[in-house]
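User: I would like to learn how to read the features of a protein model, going from the whole chain down to single residues. Could you take me through them step by step?

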Amino acid sequence: MATEIKVPTLGESVTEATVGQWFKKPGEAVKADEPIVSLETDKVAVDVPAPVAGTLGDIIAKEGDTVEVGALLAYVNEGAAAAATPAPAAPAAKAEAAAPAPVASAPAASDDEEGGNLTLSPAVRRLVLEHGLDPSKIKGTGKDGRLTKDDVTAAVAAGTAKAAASAPAATPAADAPAAGPSRRQERVKMTRLRQTVAKRLKEAQNNAALLTTFNDVDMTNVIEARAKYKDLFEKKHGVRLGFMGFFTKAVCMALKDIPGVNGQIEGDEIVYNDFCDISVAVSAPNGLVVPVIRNAESLSVAGIEKTIGDFGKRAKEGALTMEDMKGGTFTISNGGVFGSLMSTPIINPPQSAVLGLHRIEDRPVVRNGQIVIRPMMYLALSYDHRLVDGREAVTFLVAVKNAIEDPTRLLIDL
């Protein structure tokens with residue numbers, strides 16, 4: 001008996017998705033509740049599990065197809081798992097007679113997105129091909145051990161997954177011309193997430209009066225506090241002490257003082273929020289996502305770090321939900337972890353501001369009339385000038401700077 005696999009409910013106001021990747025092929029055995037296909041929505045990827053055990057039957061929706069909630073994706077043939085089990089081996093003599101001629105071994109990653117028994121997403125496959133890697137030598141950290149872009153990037157840096165070069169079929173003639181530079185192109189359809197990101201960012205540019213103000217912050221005291229307490233912090237709370245906890249608390253304090261930065265425009269009205277739902281930019285295999293820390297103003301530094309750590313782990317596994325991404329009154333984007341010196345981040349509508357953090361580097365500064373070396377970071381606040389005045393934006397950024405340079409302010413709410 002065949003059981004239908006349909007597109008599940010994807011979340012409030014989400015009516016359709018794009019078929020991202022099939023994890024199984026027709027005829028392969030599947031277990032009940034085992035993920036067999038990934039659907040890409042405007043915000044997250046959703047894995048659809050098999051409703052029953054059996055073998056995957058006909059696939060109705062191909063990769064790249066747009067499907068609506070309730071649409072038929074495929075069939076699972078119940079009780080047919082045994083059909084996918086290899087039959088007992090025939091006697092050796094007969095097996096040899098029936099065996100096809102041996103073929104050359106396949107390359108590490110072929111154009112059908114397969115590398116050995118690994119199924120690679122288009123983005124991962126492209127990285128593997130570009131760097132000539134053997135994906136079977138890379139340990140996957142994604143869901144069910146699948147490779148992510150971060151896994152491949154780490155393997156490139158370590159130089160541990162180079163594919164063995166195939167031996168030439170014949171010695172080339174001495175006067176054979178050298179091969180020219182590669183001019184290979186590849187067309188990959190934009191994921192639904194990337195399309196949505198592009199659309200929203202362009203809307204922000206078109207609709208908001210964007211302006212960015214900058215400042216720099218001396219990270220000396222925060223670095224010293226982190227170095228002094230990080231071991232005790234991790235031992236007590238089970239999570240590493242990072243800088244995002246400090247910045248999130250500083251932002252929440254500044255938002256209380258400058259509520260316009262935490263507001264948004266709806267029609268001809270301004271909505272002021274007395275809570276701080278902080279969106280934090282997190283890198284995921286399919287792109288940048290912004291899950292939300294709810295009521296961050298009421299959380300401790302440990303609570304914030306635990307929440308961010310959980311977001312990062314689930315983002316790599318593709319396990320973030322629509323609820324994780326919904327809402328948000330202010331965004332913090334930390335480009336410094338990738339080495340960014342300075343940027344002008346774009347607001348995340350309908351929010352009115354975003355804080356960009358950048359890399360920390362030693363620079364000469366003047367303190368008490370003396371030139372000294374300090375670990376400095378540039379801060380960038382992009383804001384919607386329709387709602388936030390320049391004075392408010394600068395005051396907000398200075399408040400964040402003061403709290404980071406003197407972390408005691410975070411304890412006494414100053």
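This is a predicted model: local features need pLDDT of at least 70, side-chain atom pairs count only at pLDDT 80 or more; totals for chains, interfaces and linings use all residues.

User: Which strands are joined to β4 by bridges, and do they run parallel or antiparallel?

Analyst: For strands, one asks about partners, direction and cover. In general, side chains in a regular strand alternate between the two faces of the sheet. Strand β4 (residues 35-40) is joined by 4 bridges to strand β2 (residues 16-22), and the two run antiparallel. Strand β5 (residues 45-49) is joined to β4 by 5 bridges, again with the strands antiparallel. To find these pairings in the view, look for Q21 opposite S38 of β4, and for P35, whose bridge partner in β5 is P49. As for cover, 6 of the 6 residues of β4 are buried.

User: And which strands are joined to β18 by bridges?

Analyst: Strand β14 (residues 278-280) is joined to β18 (residues 330-334) by 3 bridges, and these strands run parallel; β18 is also joined by 4 bridges to strand β19 (residues 353-357), likewise parallel. V280 has I332 of β18 as its bridge partner, while T331 stands opposite V354 in β19.

User: Turning to helices, which residues of α3 are buried, and where do they lie around the axis?

Analyst: The buried residues of α3 are D151, V152 and A155. They lie on the same side of α3, because they cover an arc of only 95 degrees around the axis. T153 also belongs to α3, which spans residues 149-158, but T153 is partly exposed, with a relative accessible area of 47%. The C-alpha atoms of T153 and V124 are 9.5 Å apart in space, although the two residues are 29 apart in sequence.

User: How many residues does α7 have, and what distance does it reach?

Analyst: Helix α7 (residues 301-317) has 17 residues and reaches 25 Å from its first C-alpha to its last, which is close to the 24 Å expected at 1.5 Å a residue. Its buried residues include A302, I304, I308 and F311.

User: Which residues have a positive phi, and where is a cis peptide bond found?

Analyst: N295 is not a glycine, yet its phi is positive at about 45 degrees; it lies in the loop between β17 and α7 and counts as partly exposed at 35% relative accessibility. N368, also not a glycine, has a positive phi of about 55 degrees; it sits in the loop between β20 and β21 and is exposed, with a relative accessible area of 81%. The cis peptide bond joins P349 and P350, with omega about 5 degrees, and P350 is in the loop between β18 and β19.

How values were computed: Residues are numbered from 1 along each chain as its sequence is written. Side-chain values use heavy atoms; hydrogens and water are left out. Two strands pair if DSSP finds at least two bridges between them. Buried means under 20% relative accessible area, exposed over 50%, partly exposed in between (1.4 Å probe, protein chains only). The expected span of a helix is 1.5 Å times one less than its number of residues. The arc is that of the directions from the helix axis to the C-beta atoms.
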